[in-house]
Amino acid sequence: MDTARLEINDSNIDKAGEIIRRGGLVAFPTETVYGLGADALNGDAVRSVYAAKGRPSDNPMIVHIADIEALTTVADLDCCMNHDVVKAMMREFWPGPITFVMRKRAVVPLTTTGGLDTVGIRMPSSETARRFIRASQRPIAAPSANISGRPSPTTYQDVLEDMDGRIDAVLLGEKCAVGIESTVLDITGDVPTILRPGYVTPEMIAAFTDVEYDPALYGSPVSGDFRPKAPGMKYKHYAPKAQVRIVKHEAYAEILAKEAEEDGKKVQILDYHGDSHAAARDFFARLRELDRKGADLILVIALDDEEFGFSVMNRMLKSAGYDVAD
Ligand code: TXA
Ligand code: MG
């Protein structure tokens, strides 16, 4: 199929909305990463998202809304912890990069939630995203707009690299301001649990409620028992063609680089000098760029494992298959 390139203007946003109502697929910018959108209430449309991404169908999709009124049409707040606390968190963090996992309503097909009776809901802060969702008049199911396993796209060019010819349209929007995916917070249990770390950290949530990380986030598939509560967290992720290694000290990275270069390899060191926000904005796009340049080995200098640094390190470790050279 021909993938339409839609510049951002009123008539193209309307066009994108029509494509969604017809059951088609449109990639769109958000503040985190680009999403691959479909009508969340249309099981066939959602199935074609799994097909376009090559994604396992047990991996639930996040449902995106533009206005708080849409929330109770898809999710049942009655299941959850203290309503006042939930509402206060939504007022603070929405629109923005956090997804709340709640009990789903019957209108949301099990195809959208990967067979679960819960649904993750997010109201993105990107103006373009919300204009598009409003124009579609539907809640939008959207995973990141990459081929499954590849780094998430943070520009429309990166979306086209993976999705050209596989989807109906791409909105040619802005570069993503955050650069890694939203925090996923499960509020269906007694203690809210972070299933995927992101921009909104436990330190920020602690102003409202106790919160914990899913213990699996401290482990890895190579450390044995690894059963993350978010189905998507168990899959191989963010892997470029080059080998990626995390290195704790710059001096050691220099040595490793020299050794690999002597073996004839093309090596790149990525050092963000401890700036986790700059790292988040750059990392996925850089992995794609280094693939295009034919890098063999990417050595990433580790960030401090605290607050937002923990979230960015989660992506870096996954892209390295948890290979850390100390
Ligand atoms: O920032 C984001 O969240 C981006 C943009 C497009 O909004 N979307 C995104 O979607 O990252 P995706 O499909 O690539 O990742 C969704 C993650 C997966 O790890 C999935 O398992 C988890 O959220 N998830 C979604 N619904 C869930 C649910 N009901 N219960 C547990 N985990 C859920
Ligand atoms: Mg993804």
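The model is predicted, so local features need pLDDT of at least 70 and side-chain atom pairs count only at pLDDT 80 or more, while totals for chains, interfaces and linings use all residues. Residues are numbered from 1 along each chain as its sequence is written, and side-chain values use heavy atoms, with hydrogens and water left out.

Ligand 1 sits in the largest pocket. A pocket here is an open set of points on a 1 Å grid over the protein atoms alone, where a 1.4 Å probe fits, with protein on both sides within 12 Å along at least five of seven lines; lining residues have an atom within 4 Å of a point. Sitting in one takes more than half of the molecule's atoms within 2 Å of its grid points. About 710 Å³ of space lies in this pocket, and 44 residues line it, with Arg55, Asn59, Pro60, Ile62 and Arg196 nearest its centre.

Oxygen atoms of ligand 1 lie 2.9 Å from an N or O atom in the Arg55 side chain and 3.1 Å from one in the Ser144 side chain. For a backbone N or O atom of Pro231, the distance to a ligand oxygen is 3.4 Å. The protein covers 96% of the 680 Å² of accessible area (Shrake-Rupley, 1.4 Å probe) that ligand 1 has on its own.

Key. Chains lettered and ligands numbered in written order. Polar contact = N/O pair within 3.5 Å; in protein donor to acceptor, adjacent residues only side chain to side chain. Points joined across faces, edges and corners; volume = space filled by probe spheres on them.
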